[in-house]
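This briefing is meant for a reader who is meeting the structure for the first time. Please keep the sequence and the 3D view at hand while going through the points below.

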Amino acid sequence: MEVIVAIIVGVLFAVGIYLILTQDLLRIVLGTSLLTHAVHLLLLTMAMLKTGAAPLLDRGQEQFADPLPQALILTSIVINFGITAFFLVLSYRAYQKLDTTNMDWLRSESSRHRGHSR
Amino acid sequence: MSPLHFLTLSPFLLAAVLPLLGKMAPRLHKGWVAAVWSAILFMTLIGYSAEIQAGSPINESLAWIPSLGISFTLYLDGLSLLFALLITGMGTLVSIYSIGYMNAAENSLNRFYVCLLIFMGAMLGLVLSDNLLTLYGFWELTSVTSFLLIGYNHAKQRSRYGALKSLLITMTGGLGLLSGFILLYIMSGTYTIRELFEAGAPLASHPLFLPAMLLILFGAFTKSAQYPFHIWLPDAMEAPTPVSAYLHSATMVKAGLYLVARMSPIFAGAPEWFWIVSLGGLITLLYGSVTAVKQTDLKGILAYSTISQLGLIMCLLGLSSLTGLMEGEERLLYAAAGTAALFHLLNHAVFKGSLFMIAGIVDHETGTRDIRKLGGLAQVMPIAFTISLFGALSMAGLPPFGGFLSKEMFLEAVIEPLHAGVFRLETWGVLFPIIAWIASVFTFVYSALLVARTFLGPRKKELQHSKIHDAPFLMTFPPALLGVLALVLGLFPSLAAYSLIAPAVEAMMPIITASGERLSPDIKLWHGFTPALWMTIGVVAAGTLLTLTARKWTRVYTFFPSKFSISGFYDVSLNFFERLTFRVTSLYMNGSSRSYIKYILGFMLLVLGFILFNSADITFRVGAYAQIAPYEWLILLGLAAAALAVPFTKSRPVAIILTGTVGYLMTLMFVFLRAPDLALTQMVVESISVTLYLLCFYHLPKLRTEQRAVRFQLPNFLVAVAVGILMTLIALAVLGTNPFEPVSDYYVRESYESAGGKNIVNVILVDFRGFDTMLEIMVLGVASLGIYNMIKLRRKATDVGSRQVMHEGEFAEEDAAEMRKSQYGYDGPEADFNEQAEEETAESDSPAKGGEENA
Amino acid sequence: MPKGSDIFLQNVSKIVVFIILAFALYLFFTGHVSPGGGFIAGLTSAGALLLLALAFDIDTVRKVLPVDFKLVMALGLLIALCTGTGAFFFGEPFLKHAFGYFHLPLLGKTELHTALIFDLGVYLAVVGVTMTILITIGEDS
């Protein structure tokens, strides 16, 4: 299973990076989300999958899945939520102000505004 | 920590607490703190002098970075003591003077005295260090504090220009110095100056000997403002006058001389050392004195005079390097050059210090330092006039002042090389007395002009009001004391000669003490009709003549255009390099974050890929893994399919929902992969995120309907695919390589025992790694406040500065353009601005208007 | 945010919100022994309020819960910080937790844990953050 998951990690990374390299602000935000998912899967895979029961004691189990990556991922999920919200509002505000979510236009848009001031 | 270490470091400590002290006693002028402390240091150092005179230097060591062989070793011998006394003594007087000079109401007074104290500490460290690297550290620190003090009036363009110029030149020299020190280390294997002295003869035959010497001399020449690196000193005169008196005449610029003196035992005897030091000094002496005559600014005259006098001392140090090549009586004759050098160093500090302070007083009283606007001040400022007369006479080398004695010794020393019989001096040696004599004549002329144009002659109309009078006691006392000292040094030279100069010269030339001889530093006011005295008489005659006819012949100077000066060359080359780096940088810094991301990914691919394929420890394991159930296949394939579909959708809501699908499928994966906490969190987060996305879109109706597919771009695609493959490989490599025991076992074991929790993940989060969690919620808090601010606290477009908030990047650009302008606006070739810079400056003209446009 | 018009959603959410909130409370308290904890409970609570906001509108949520969520966030951070610093008073390193077993009326043998207080801080911070974001975006129209 690890090999398959590793390949899926690669796919998620590739799509995430590709989206980040596009011009559309919204798709960049989506790309970061996908990238986060990829990292989560990567972290889980690194610790070997399904090595035991869920990391809860007192359930009559001896072997557990590695709890450390889970703790890391939990932190990451929540942080990612905050960051995604921030990005989202940033692009939302950029659109409100400049009428575009295209990265290249954002640049030229602001220079156009500058041009007016001359 | 020894008393010597405390003595060196105490100014730094004092600088650290000075601002607090200011809070406690707001009415106390900080100058008193600096003055009292430097006086205490001065007294303490005096206490050491008896010991030093007896010939037993003090050596204290403190391990600093033992693994690199760097220790903070302090060594107090005659040479260090002379400089340390100069630093603390002048420090005391300048601090007292500055109490009157610096306005107590100024807020930045703390900054001034903090810098001054740090400088004093750095300077003490410099002259006391026995380790080359600590010496270098202190050396650079003096450059930095000098930069800060020259730029003290940072609102003034000329201050910033001067500060930057001095920093660039002295720091370049500092780098040379460091390289020289490292070469010395390579040759000898030690950074300790004392051990270098013992290394002796083998060093001189080493192939790196000459490069090391040149680099160290480069450092010394830039610091001591020797031709052609002198150009920073005149511009450094923008500093407040106490700083000019202290740093740029009495102490910091003498650091180069100290270094040359300190390094003499290693390099003296080499012909290159002799020629570079003595000729460099001689040229500087001539250039400085000739240029000083044409200056119209009081401090400008003093700056060029300082350059010239530093050259004189440098020349003497060069001549004294012949000592080691001579025998018996001859040797002592050349050692006299060393005595002259150090004696003149002392005299120069005394008379130049007083003259700078008088220049400051004149500036304070009349509001100008331009000698064309001054004149006739002797009637209203008799004390200042007397002091400046003392100082100027000493500077011109007239009896019975200290300057006369050292000048005589200098003239004697320059005649000596004619009979040396080494380095082909019998032919070229004649240059020395001729150039020295001409320079002395010009020295006489500018000294005379300095006093005459300021204090004598008719008073200008603007200066006829009654407000001009002698300065208050605090400002008059320090220069007066120095003026008296100039006289005392002339009348009773033995006061300083035996206790200060002789031990210093012996430290500079250990070869004398090594051969069992003792230096007899007999300096007499009257020594018969020697050739030197005749030369002085000639100087006075020619100098008087030139002074009286000055107005006629000084027009000659206008024939030398300033455009082709070294300073002009500095401006042009600085401008050129700035433009060059700007162009080169714009080649890859094109302002598009996509390019930057590609650079980052590219390097990541290179570095990680290289390690992955070149490290023998990494193995890829394919096989013997966990079983995969059919429904898991489905989910994994769904994950891949949903993710791959995102770039292909035209509609943004669909893209959002597809991403959400990936998230929900991740939730399922977490369930199957035995991570219930993650599954729960991911599910809730995904729900809230998707809602957020759609909420934002709800408010952007135009964007909702806008349909645009992602345009395919091959380079992006390649980068993305490469990163994906690399990540897959990394995952496989990690699986195959397990060099360490996992930390998780500890958490599993200890979770219940020491933390009392059964949900291990939760225990890790709140207990074992609680600190991480706390920082994490802080990050969340910051993000939410950021969002709140972006939406709620937006500025109205009419607000002042709204533009700055909107386009911070642009603002930075304008700032840079502004800075470029300020750098070259003054004295710089303005026409050389490239088009881009000009465009930017034009744009920066109306920021407020731009804000309105943005609305 | 528009005035919600879906009568079914409105009526269902009136009940469901309380169920979710109760579930969140359960997740919070069992966090140390079974899946759950401050993060999850906080997000779940915020999710409940979000549902309310979607069914009705932001103003309703603000009427029901007239608190400044920025303050909730700050309070959460403060609590987390104080639990951490509290350890200093017992000569322990920062964020060192203590726990013990007590017999409480009605509940019998119960484990009390300072980590729970820390988790409460996390809970409040997460609720505060999420609601601040939601309300800020929702109100901006």
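Among contacts in chain C between residues at least 6 apart in sequence, 69% join residues at least 24 apart, where two residues are in contact if their C-beta atoms, placed from the backbone, lie within 7 Å. This is a predicted model, in which local features need pLDDT of at least 70 and side-chain atom pairs count only at pLDDT 80 or more, while totals for chains, interfaces and linings use all residues. Residues are numbered from 1 along each chain as its sequence is written, and chains are lettered from A and ligands numbered from 1 in the order in which they are written.

**Chain C as a whole**

- Chain C holds five helices and two strands, both taken as DSSP runs numbered from the N terminus (helices are H or I with at least four residues, strands E with at least two).
- Read from the N terminus, the order of these elements is α-α-α-α-β-β-α.
- Of the 141 residues of chain C, 45% count as buried, that is, with 20 or more other C-beta atoms within 10 Å of their own, the C-beta atoms being placed from the backbone.

**Annotated spans of chain C**

- An unreviewed UniProt entry lists residues 12–33, 39–59, 71–95 and 115–137 of chain C under "transmembrane region"; the positions are given in the numbering used here, feature names are shortened, and such annotations may be inferred rather than shown by experiment.
- In the model, residues 12–33 of chain C are 86% helix and 0% strand, with end C-alpha atoms 32 Å apart.
- Residues 115–137 of chain C are 100% helix and 0% strand, and their end C-alpha atoms lie 33 Å apart.

**Helix packing within chain C**

- The axes of H2(C) and helix H5 (residues 114–139) of chain C come within 8 Å and cross at roughly 30°, the axes being lines fitted to C-alpha atoms over the stretch in contact and the angles running from 0 to 180 degrees between N-to-C directions.
- H2(C) and H5(C) are therefore roughly parallel to each other, a term for angles under 35 degrees.
- H2(C) passes H5(C) in a right-handed crossing, meaning that the near helix is turned clockwise from the far one by less than a right angle.
- Residues that meet here include Phe39(C), Leu43(C) and Leu50(C) in H2(C), and Tyr123(C), Val126(C) and Met131(C) in H5(C).
- By class, this contact of H2(C) with H5(C) has 14 nonpolar, five polar and one charged residues (Ala, Val, Leu, Ile, Met, Phe, Trp, Tyr, Cys and Pro count as nonpolar, Asp, Glu, Lys and Arg as charged, and the others, Gly among them, as polar).

**Where chain B meets chain C**

- In this interface, 36 residues of chain B are in contact with 41 residues of chain C.
- On the side of chain B that touches chain C, H34(B) gives the most, with 13 residues, and by class that side has 20 nonpolar, twelve polar and four charged residues.
- The axes of helix H29 (residues 676–698) of chain B and helix H2 (residues 38–55) of chain C come within 9 Å and cross at roughly 30°.
- The contact between these two helices involves, among others, Leu680(B), Val684(B) and Ile688(B) of H29(B) and Ile40(C), Leu43(C) and Gly47(C) of H2(C).

**Where chain A meets chain B**

- The contact takes 74 residues from chain A and 87 residues from chain B.
- H3(A) gives the most to the side of chain A that touches chain B, with 22 residues.

Notes
Parallel < 35°, antiparallel > 145°, perpendicular 65-115°, else oblique. Buried ≥ 20, exposed ≤ 12 C-beta atoms within 10 Å, placed from the backbone.
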